[in-house]
Amino acid sequence: MGRGSSGLGDEGPFGGGMTGDNASATVKSSHPLIDAISSGGGGFANEIQNTRDAFEREYGSAVKRMNLSLATFNEPGVLGAYGGDTLFMNEKYVKNANLTEAMQASVTSGYHPSIGNKTGAEAVAAHEIGHRLGEIAAAQAGISEKEIVARAGKKVRIKTENMAGHISGYARSNYSETIAEASSDVFCNGKKASKASKAIMAEVKSILG
Ligand SMILES: [Zn+2]
C-alpha cells in the first residue's frame with residue numbers, strides 16, 4: 001500500500017494504497033519510470049531505480065521482475081503504492097524537494113522509522129518494495145505475512161503483536177505494513193535499524209534466498 005505526504009488527516013504521512021489491506025488509493029495514470037530517466041527527469045528517478053537495484057542485490061530476482069512507474073493518484077496525499085507487480089511513485093511528490101523534509105517530520109512524530117541518510121523517495125521506494133518482498137515471501141513459503149513476523153519475533157523474543165511497536169506507528173496498521181516499514185527501516189538505517197525490523201528482513205531473505 002502507499003505512503004502519503006504529511007498533513008492528510010487520520011492516515012498520516014503515508015496514506016492510501018493499492019494492496020488488499022488498503023484499497024483507498026487508485027492510480028489515475030502511469031508511465032514507466034524509464035521515461036523519466038530518458039527524458040532527463042532528474043535524480044529522483046535514478047534514486048528509485050538505484051533503490052530497486054540495491055534490493056535486488058540483497059533479496060534476488062523477486063525484486064528484478066518488478067516494474068517501476070511514475071503515477072498520478074486519485075487521492076492527493078499518496079506518495080507511492082505497490083500492486084500488480086508494479087511499484088508506483090507519485091510523480092508530483094517525488095519531484096518535490098521537500099519530500100525528504102516531510103518524511104523527516106513524520107519520523108520525528110514516530111510515525112515512520114528514521115530514514116537515516118536516505119532521501120524521502122528512497123525511503124518510500126524501500127517501503128513499497130517491502131510490500132512486494134512480503135507478498136512474495138509469504139506466497140513462496142505458503143504462510144501469511146503475519147507468520148513471517150511471528151517467526152522473526154520468536155528469534156528476537158518479541159511477541160508477534162508487539163513487533164510493529166518496535167518499528168513505527170504506521171507498522172501497527174497490519175502485518176503487510178509491518179513488513180513494509182521493516183524494509184524501509186533496514187534499508188535506511190542498516191545496522192542501526194530496530195532488531196524487530198532486522199529479524200523480519202532476515203526471515204524474508206531466508207525464504208527468498
Ligand atoms: Zn504500505
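**Figure 1. Packing of helix H6 against helix H10 in the predicted model.** Helix H6, residues 120-141, packs with helix H10, residues 195-208, at an angle of about 50°, and their axes lie 9 Å apart. H6 is therefore oblique to H10. Two packed helices are described by the angle between their axes and by the distance between the axes.

**Figure 2. Residues at the contact of H6 with H10.** On the side of H6, the contact is formed by Leu133, Gly134, Ile136, Ala137, Gln140 and Ala141. The residues that they meet in H10 are Val204, Ile207 and Leu208. Seven residues of this contact are nonpolar and two are polar, while no charged residue takes part.

**Figure 3. The largest nonpolar core.** This core holds 58 residues. Those that touch the most other members are Ile48, Met89, Ala125, Ile148, Ile179, Ile200 and Val204. Helix H6 supplies the largest share of the core, ten residues. In soluble globular proteins, nonpolar side chains tend to be buried together.

**Figure 4. The surroundings of Ala125.** When residues up to four places away in sequence are not counted, Ala125 touches Ile48, Thr51, Arg52, Gly80, Leu87 and Met89. Ile48 and Met89 are listed with Ala125 among the core residues that touch the most other members.

**Figure 5. Asn74 in the loop between strands S3 and S4.** Strand S3 covers residues 67-73 and strand S4 covers residues 78-83, and Asn74 is found in the loop between them. Asn74 counts as exposed because 11 other C-beta atoms lie within 10 Å, and the cut-off for an exposed residue is 12 or fewer. Leaving out residues up to four places away in sequence, Asn74 touches Ala25, Thr26 and Lys28. Asn74 and Ser29 are 45 residues apart in sequence, and their C-alpha atoms are 9.3 Å apart in space.

**Figure 6. Asp85, a residue with positive phi.** Asp85 is not a glycine, although its phi is positive, at about 65°. This residue, Asp85, is placed in the loop between S4 and strand S5, residues 86-90. Asp85 counts as exposed because it has 11 C-beta neighbours inside 10 Å.

**Figure 7. Arg157, a residue other than glycine with positive phi.** The phi of Arg157 is near 50°. Arg157 belongs to the loop between helix H7, residues 145-155, and helix H8, residues 160-163. With 8 other C-beta atoms within 10 Å, Arg157 is exposed.

Key. Residues are numbered from 1 along each chain as its sequence is written. This is a predicted model: local features need pLDDT of at least 70, side-chain atom pairs count only at pLDDT 80 or more; totals for chains, interfaces and linings use all residues. Axes are lines fitted to C-alpha atoms, for helices over the stretch in contact, and angles run from 0 to 180 degrees between N-to-C directions. Helices (H or I, at least four residues) and strands (E, at least two) are DSSP runs, numbered from the N terminus. Angles under 35 degrees count as roughly parallel, over 145 as roughly antiparallel, 65 to 115 as roughly perpendicular and the rest as oblique. Two residues are in contact if their C-beta atoms, placed from the backbone, lie within 7 Å. Ala, Val, Leu, Ile, Met, Phe, Trp, Tyr, Cys and Pro count as nonpolar, Asp, Glu, Lys and Arg as charged, and the others, Gly among them, as polar. A nonpolar core is a set of buried Ala, Val, Leu, Ile, Met, Phe, Trp, Tyr and Cys residues joined through C-beta atoms within 7 Å. A residue is buried if 20 or more other C-beta atoms lie within 10 Å of its own, exposed if 12 or fewer, and partly exposed in between; C-beta atoms are placed from the backbone.
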